[in-house]
Each structure stands twice: as C-alpha cells, then as structure tokens.
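Open the structure in your viewer and keep the selection tool at hand. We will go stop by stop.

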Amino acid sequence: MTADAARPWSLKGTVLIACNCDFGCPCNFNALPTTGQCEGGWTWHIQEGSFGETKLDSLTFSLFVKWPGAIHHGNGEATLLIDERATDRQEHAISTLVDGKVGGPWGVLAWTWPTLHGPTRVAYELTLDGIHSRVKAADALLLESTDDQEPGERGEKFIRASSCPRVSSSSALISVARQPFRVSGAIELNHPGKSTAVGPFDYAGQ
C-alpha cells in the first residue's frame, strides 16, 4: 500500500454536472446516452475537506471526459482542471483522488478514462444557486445552468432525482444548460441546451 492510499480523506460540498445528453440524462436511469456517446463531466466545489493533513477547504476542481460510447464502455479521454489557488500539496491531493486509487467516485470511474490530461491550473468564477448555478474557469470551461422554461412561462421546471448516486450523495436538481456548456483545451466540448444537475456530495475514504 502506498503512503497516499493509507491517508484518510474526506470532502463535502456541491457538485455541478453537465453532459451532452438531453434534459434529464438517460444515464441517470441506467439507459444509454442520448447520442450513443457520452461527453461531459463534473465540477466539485469543496466546502470542507482534507487529504491526510492537507486541507482542501474552498477549492474547486473539474473533470471532463469524452467517451466514445457509454461511460461503462470506457476508452475515455479526460482533462483535469484545478483551482489556481491550490498549493502544490493541494494539487497533489486532488490529482491523487482523481487517479482513483484511494476510492470515492473516482475509484469507480477512473478506469473509464485511460487518458488523463493535466492537471491544468485555472481561475474559477463560481456561482452556486441550485439550478441557476454558473461556473467559468478562464478560457477552459463555461457552464450556465437554468430552469427549462420557455420565454413568458412562470415558475421553474425541473426534476429532483437521485442523480449519479456515486457522484452526488443525495438528491440533485436536474436542469438544462440553456446557456453555453463549453470545454476548451486538451479536449473540446460544446453542448448548449443539454442536461445539467446540481447536488451535494459527501465522500470519505481511508
């Protein structure tokens, strides 16, 4: 066992999920992606967290992946973005988590992206407001989530579901990225008007 694998860790915060599927994302219900392949990922904002003795409070990081088929078919190409405010120790901690060898959701999913670019340091601009959340990471990421309503409609249309249970630890608000969803750099994604979800996460490992 490596020293990293023996370190206790825990993270709590909010995760923002976006992909190229239609509203609701059939992957959440054990169905195949809308277009046959999955292109999307997650942005985690850590409200409280640590990896061993390294504190991770208030940091944000993102992982976006292009899979040629469904996620569970593997062969994805991923890119990792990390908050530019992170120290070298904090960057190492987050990279170790995403590598998947210490458990958490990455322990389940990391094998599906054999190619991982980064980490790349970016400046985050983050607004967490349920289905009206927004994240911008320099020129590498832009995602704006909103309710799925037509002009002139009143109220909000969204569904609450157990979204990606290994990634969002409780119920999540599933909405639509009516505004841009773009990723630039090592991989390129551009899927406005597709599915998004926002929910809490609470992970821990040895």
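Start by selecting W44: is W44 buried or exposed? W44 has 2% relative accessibility, and buried means under 20%, so W44 counts as buried. Remember as you look that this is a predicted model.

**Stop 1: the tryptophan pair**

Now look at the two rings together. The ring centres of W42 and W44 are 5.7 Å apart, and the planes meet at 25°. Planes under 30 degrees apart count as stacked, so this pair is stacked.

Next, select W67 and W113. Their rings form a tilted aromatic pair, with 6.5 Å from centre to centre and 55° between the planes. Where do W67 and W113 sit in the chain? W67 is in the loop between β4 and β5, while W113 is in the loop between α2 and β6. The pair therefore ties together parts that are 46 residues apart in sequence. Both W67 and W113 are buried.

One cluster is formed by W9, W42, W44, F61, W67, W106, W113, F201 and Y203. The count of aromatic pairs comes to eleven.

**Stop 2: the nonpolar cores**

Keep W42 and W113 highlighted. The largest nonpolar core has 31 residues, and W42 and W113 touch the most other members. Which elements each supply at least two residues of this core? Colour them one by one: β1 (9-19), β2 (39-51), β4, β5, α1 (88-99), α2 (104-109) and β14 (194-205). Then select L81, A140, L143 and F181. These four are among the 16 residues of another core, which lies apart from the largest one.

**Stop 3**

Select residues 77-83, which make up strand β5. How many of the seven residues of β5 are buried? Six are, so β5 is largely enclosed by the rest of the structure.

Now show the neighbours of β5. Strand β4 (residues 60-66) pairs with β5 in the antiparallel sense, over six bridges. Select I82 and look across to R121, its bridge partner in β6. Strands of a sheet pair through backbone hydrogen bonds, either parallel or antiparallel.

**Stop 4: the open sheet**

Move on to another set of strands. In what order do the five strands of the open sheet come? The order is β7-β8-β9-β12-β13, and the pairing is antiparallel. Find the edges: β7 (124-127) and β13 (189-190) each pair on one side only. Then zoom in on β9 (residues 141-144) and β12 (residues 181-183), an antiparallel pair with three bridges. Select L142 and you will find R182 of β12 opposite.

**Stop 5: the whole chain**

Zoom out and colour by secondary structure. The protein chain has two helices and 14 strands. Of its 206 residues, 48% are buried. Among contacts with a separation of 6 or more, 65% join residues 24 or more positions apart. The accessible surface of the chain is about 9600 Å², and carbon and sulfur atoms account for 48% of that.

Conventions
Residues numbered from 1 in each chain as written. Predicted model: local features only at pLDDT ≥ 70, side-chain atom pairs only at ≥ 80, totals over all residues. Heavy atoms only, no water. Buried < 20%, exposed > 50% of the residue type's maximum accessible area, 1.4 Å probe, protein only. Helix = DSSP H or I, 4+ residues; strand = E, 2+ residues; numbered from the N terminus. Pairing = 2+ DSSP bridges. Contact = heavy atoms within 4.5 Å. Areas by Shrake-Rupley, 256 points an atom, 1.4 Å probe, with all protein chains shown as cover. Core = buried A, V, L, I, M, F, W, Y, C linked by side-chain atoms within 4.5 Å. Phe/Tyr/Trp six-rings, centres within 6.5 Å; stacked < 30°, edge-to-face > 60°.
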